[in-house]
Amino acid sequence: MSIPANLKYTKDHEWVSIEGDVATVGITHFAQKELGDIVYVEVETLDQTLDKDEVFGTVEAVKTVSDLFLPLTGEIIAFNDSLESAPETVNSDPYGAGWMIKIKIANASEIDSLLSHEAYKQLIGA
């Protein structure tokens, strides 16, 4: 199972890539595999500032709908519009073209609460 070492992770199975004060967020390979075929991604929080752990959207698979939780407090500054027409990209490329949102980080100290690659591997038993 692919778990890139250069990313941070959450216990809710989201990955976070940090560049300066902007974080890119998606769901992990483990999460997309557990969900199955993803048919819809909804994010209605664009341009809103949310607190860490608030729901920023949902991902719908054939059998279930799952909330998406913000890994860091901040303003949602971008949504991956290509997921509207091709939500299955989350299944085929979860760490690349399947990214979901970009956040302008409001509290950089929260980054320390994210899981390292090794800690996430332990969490999922990989």
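Leaving aside residues up to four places away in sequence, Thr-73 is in contact (heavy atoms within 4.5 Å) with Leu-50, Asp-51, Lys-52, Ile-103, Lys-104, Ile-105, Ala-106, Asn-107 and Glu-110. The model is predicted, with local features requiring pLDDT of at least 70 and side-chain atom pairs counted only at pLDDT 80 or more, whereas totals for chains, interfaces and linings use all residues. Residues are numbered from 1 along each chain as its sequence is written, and side-chain values use heavy atoms, with hydrogens and water left out. Helices (H or I, at least four residues) and strands (E, at least two) are DSSP runs numbered from the N terminus.

- Thr-73 is located in the loop between S7 and strand S8 (74-79).
- Its relative accessible area is 13%, so Thr-73 is classed as buried; the classes are buried under 20% relative accessible area, exposed over 50% and partly exposed in between, with a 1.4 Å probe and protein chains only.
- The side chain of Thr-73 makes a polar contact with the backbone nitrogen of Lys-52 at 2.9 Å. Such a contact is a pair of N or O atoms within 3.5 Å; within protein, one must be able to donate a hydrogen and the other to accept it, and residues adjacent in sequence count only if both atoms are side-chain atoms.

**The sheet S4-S6-S7**

- Three strands form an open sheet in the order S4-S6-S7, and their pairing is antiparallel. Two strands pair if DSSP finds at least two bridges between them.
- Strand S4 (38-42) and strand S7 (65-69) are the edge strands, each pairing on one side only.
- On average, neighbouring strands of this sheet are turned by 25 degrees against each other, direction ignored. The axes are lines fitted to C-alpha atoms, for helices over the stretch in contact, and angles run from 0 to 180 degrees between N-to-C directions.
- Strand S6 (residues 55-61) runs antiparallel to S7 and is joined to S7 by 5 bridges.
- Within this arrangement, Gly-57 stands opposite Leu-68 in S7.

**Aromatic pairs and a charge over a ring**

- The count of aromatic pairs is 2. Rings of Phe, Tyr and Trp (its six-membered ring) pair if their centres lie within 6.5 Å; planes under 30 degrees apart count as stacked, over 60 as edge-to-face and the rest as tilted.
- Tyr-9 and Tyr-120 are stacked, at 4.7 Å centre to centre and with 15 degrees between the planes.
- This pair links distant parts of the chain, with Tyr-9 in strand S1 (residues 8-9) and Tyr-120 in helix H4 (residues 117-124), 111 residues apart.
- Tyr-9 is buried at a relative accessible area of 0%, and Tyr-120 is buried at 0% relative accessibility.
- Trp-15 and Tyr-95 form a tilted pair, because their ring centres are 6.1 Å apart and their planes lie at 50 degrees.
- Distant parts of the chain are linked here too: Trp-15 is in strand S2 (residues 14-19) and Tyr-95 in the loop between helix H3 (89-92) and strand S9 (101-105), 80 residues apart.
- Trp-15 is buried at 3%, and Tyr-95 is buried at 19% relative accessibility.
- Lys-102 lies over the face of Trp-99, 4.8 Å from the ring centre; the criterion is NZ of Lys or CZ of Arg within 6 Å of the ring centre and within 35 degrees of the ring normal.

- His-13, which is not a glycine, has a positive phi of about 70 degrees and is found in the loop between S1 and S2.
- Asp-47, a residue other than glycine, has a positive phi near 70 degrees. Asp-47 lies in the loop between S4 and strand S5 (49-50) and is exposed, with a relative accessible area of 56%.
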